[in-house]
Amino acid sequence: MKINIKQSVLFGLLVFWGMTAKTQTYIPYDSCFNVSWTEIYAMDIVNDTLILGAAGMDTAGGIYVNKIAQWDGHHFHAMGLGETGGDVVMESTYYHNCIYIVGGFGSMGNEPHTVHIAYWDGSQYNKLSWEIIGGEPIHSITVWHDTLFLGGNINVGGTLYSGIVGYHAGGYIDVGSLLEKAWDVTVYDDKVYAVRSEERRVGKECRS
């Protein structure tokens with residue numbers, strides 16, 4: 001789910017245990033982002049750092065970030081050149097000592113073959129050993145039992161994994177079709193959960 005930055009603000013919530021009072025600290029978007037149509041698609045906590053994935057976010061806190069930024073509680077930090085193709089970063093997670101990033105991008109940083117997925121090793125972006133073919137974005141990513149699970153309609157080398165696919169040890173794992181693309185995947189109670197879109201057409205009526 002995307003958050004329109006014009007209607008929402010990033011805030012930190014400090015809860016004092018045993019007290020009813022709560023303190024909220026707001027970061028006004030107009031002091032952090034340079035374009036009014038910035039849309040934040042994801043806020044993920046990765047290795048104790050808050051990572052924002054977005055569309056239209058060229059700068060944050062006065063520095064160039066290009067659709068992805070780290071927030072340490074006080075300042076924004078760039079992750080290299082960020083997304084350089086003019087598209088969107090949708091989600092991120094921590095896996096094998098790197099930050100894995102998915103979205104609708106064509107490239108991350110200086111690495112041209114990072115279609116929709118890349119990993120950040122702390123200094124640069126890298127591509128996976130199996131290249132994903134362009135098309136629909138990868139909407140979500142999560143880790144379960146040392147395996148990455150990706151949500152979306154994902155085309156790897158001409159093979160379409162509908163809805164969800166696993167990635168482990170340099171290869172992709174078909175975990176069964178969801179018939180439609182998965183909008184989100186997460187882990188709960190030691191199981192992988194996925195939600196998908198569903199479209200049924202009756203005559204000229206389309207329901208979702």
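**View 1. Strand 19 (residues 164–168) and strand 20 run antiparallel and are joined by four bridges.** Strands are DSSP runs of E with at least two residues, numbered from the N terminus, and two of them pair if DSSP finds at least two bridges between them. Tyr167 has Tyr172 of strand 20 as its bridge partner. The model is predicted: local features need pLDDT of at least 70 and side-chain atom pairs pLDDT 80 or more, while totals for chains, interfaces and linings use all residues. Residues are numbered from 1 along each chain as its sequence is written, and side-chain values use heavy atoms, without hydrogens or water.

**View 2. An open antiparallel sheet contains four strands in the order 15-16-19-20.** Strand 15 (140–144) and strand 20 (171–174) form the edges, each pairing on one side only. From one strand to the next, the twist averages 30°, with axes fitted as lines to C-alpha atoms and angles running from 0 to 180 degrees between N-to-C directions.

**View 3. Strand 4 (residues 39–46) and strand 5 (residues 49–55) are antiparallel and share seven bridges.** Leu50 in strand 5 stands opposite Ile45. Two residues lie between the strands of this hairpin, in which Asn47 takes a positive phi near 55°.

**View 4. The largest cavity has a volume of about 50 Å³.** A cavity is a set of points on a 1 Å grid over the protein atoms alone where a 1.4 Å probe fits but cannot get out; lining residues have an atom within 4 Å of a point. The volume is the space filled by probe spheres set on the points, which are joined across faces, edges and corners. The lining comprises His113, Thr114, Val115, Ile117, Lys127, Leu128, Trp130, Glu131 and Ile132.

Terms used:
On a 1 Å grid over the protein atoms alone, a cavity is a set of points where a 1.4 Å probe fits but cannot get out, and a pocket is an open set with protein on both sides within 12 Å along at least five of seven lines; lining residues have an atom within 4 Å of a point.
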